[in-house]
Amino acid sequence: MGYINSKNYSHGDADKIGVLLTNLGTPDEPTPKALRRYLKQFLSDPRVVEVPRLLWWCILNGIILNIRPRRSAKAYATVFTEQGSPLLFHTVSQTKAVQAALAAAGQHNVVVDYAMRYGNPSMDSAIERLMAQGVRKLLVLPLYPQYAAATTASTFDALAANFTQRRWLPDLRFISHYHDYPAYIAACVAQIQAHWQQHGQTDQLLFSYHGIPKRYLLNGDPYHCECYKTSRLIAEQLGLRKDQYMTTFQSRFGREEWLKPYTDETLKALPGLGVHSVQVFCPGFAADCLETIEEIAEENKEYFEQAGGERYEYITALNDSPAHIEALSQLILDNLQGWQITADPDRLARAQQLNHEEVK
């Protein structure tokens with residue numbers, strides 16, 4: 001078996017610390033062809049769809065990939081901008097801002113990069129870039145505050161698969177969740193308060209999270225509990241009573257039961273319960289994307305208004321807000337503690353000796 005070698009590596013080079021921010025992914029463009037390629041990679045992940053592989057292969061390739069790409073392409077076309085995919089350009093902006101924040105904190109030897117679990121830039125390409133820059137200690141931060149096997153663990157799977165092919169592995173640290181990290185909670189609170197200062201409050205505040213099948217919860221996935229804890233911590237800092245906020249779950253797929261209550265069904269029911277104004281915030285999304293811009297800000301707004309709701313507002317995701325960048329940077333600094341990069345005189349001397357021998 002051949003292994004991935006370190007190209008153009010010199011044993012005398014100074015080592016670096018790498019930070020890799022990852023998110024779910026996005027198609028390269030809003031076209032059926034690009035969506036088919038993206039959805040095939042995404043929905044082929046056994047972490048995402050826990051169905052017997054042969055059965056799922058038939059469903060995916062025989063039905064879903066022949067129907068869904070065209071429909072999804074139309075939805076993505078409504079959120080793509082001149083900058084491209086919102087998830088991608090927000091992630092790029094976050095990466096640059098975190099790099100600057102770490103440098104301002106004196107971490108000049110830390111290299112920050114980003115990758116998508118599905119689509120581009122791939123995790124393989126990002127890891128290769130970091131290794132090529134001399135990264136020997138790597139911290140990976142999946143931008144999923146709440147742990148779920150379908151997201152966080154899948155990211156680790158891709159990381160591990162890459163490492164099994166490498167000759168020289170870096171020291172590794174992996175942040176599996178930060179759902180109750182104080183600076184993250186504070187960033188969510190600041191985002192909501194900023195919206196309130198401009199628009200005022202509504203009858204109800206909904207915290208909407210991406211859903212997962214209920215059986216994942218029953219099989220031990222902590223995602224459901226972590227979502228509820230995040231909501232509670234944010235609400236407590238906002239000074240909300242229990243009857244002033246709700247936790248709901250969006251983006252379900254297929255016929256089986258997912259985590260409840262469902263966001264869309266909740267919004268359809270609220271006007272009948274006397275709730276005529278609502279704001280929705282999505283704490284589980286580090287950056288705005290199709291699921292927040294098209295599904296929450298537009299589609300679910302229609303459900304609420306058609307049911308008799310009078311005022312509906314979507315509070316944007318944290319994106320590259322100063323409080324969010326501060327939270328991510330502090331989280332990274334906390335997890336880098338004890339990692340120091342210093343010159344290795346023995347390795348440098350040996351490299352010089354090898355170079356001298358080659359010259360001779």
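This is a short tour of side-chain features to select in your viewer.

The model is predicted, with local features needing pLDDT of at least 70, side-chain atom pairs counting only at pLDDT 80 or more, and totals for chains, interfaces and linings using all residues. Residues are numbered from 1 along each chain as its sequence is written, and side-chain values use heavy atoms, with hydrogens and water left out.

**Stop 1: rings**

Start by selecting Y38 and F42, a stacked aromatic pair at 6.1 Å centre to centre with 20 degrees between the planes. Rings of Phe, Tyr and Trp (its six-membered ring) pair if their centres lie within 6.5 Å; planes under 30 degrees apart count as stacked, over 60 as edge-to-face and the rest as tilted. Y38 and F42 are four residues apart in helix α1 (residues 32–43), separated by about one helical turn. Helices (H or I, at least four residues) and strands (E, at least two) are DSSP runs, numbered from the N terminus.

Next, select R252 and Y262: the charged end of R252 sits over the ring of Y262, 3.9 Å from its centre. A charge sits over a ring if NZ of Lys or CZ of Arg is within 6 Å of the ring centre and within 35 degrees of the ring normal. K268 likewise lies over the face of Y303, at 4.4 Å from the ring centre.

**Stop 2: the core**

Now select L141, I192, L205, F207 and I332, which touch the most other members among the 47 residues of the largest nonpolar core. Such a core is a set of buried Ala, Val, Leu, Ile, Met, Phe, Trp, Tyr and Cys residues joined through side-chain atoms within 4.5 Å. Buried means under 20% relative accessible area, exposed over 50%, partly exposed in between (1.4 Å probe, protein chains only).

**Stop 3: salt bridges**

The structure holds 15 salt bridges, each a side-chain nitrogen of Lys or Arg within 4 Å of a carboxyl oxygen of Asp or Glu. Select E128 and R166, whose side chains meet at 2.7 Å, N to O. E128 lies in helix α4 (residues 123–132) and R166 in the loop between α5 (149–163) and β4 (171–174), so the pair ties together parts that are 38 residues apart in sequence. E128 is partly exposed at 25% relative accessibility, whereas R166 is buried at 6%.

Finish with K229 and D180, a salt bridge whose closest N and O atoms are 3.0 Å apart.
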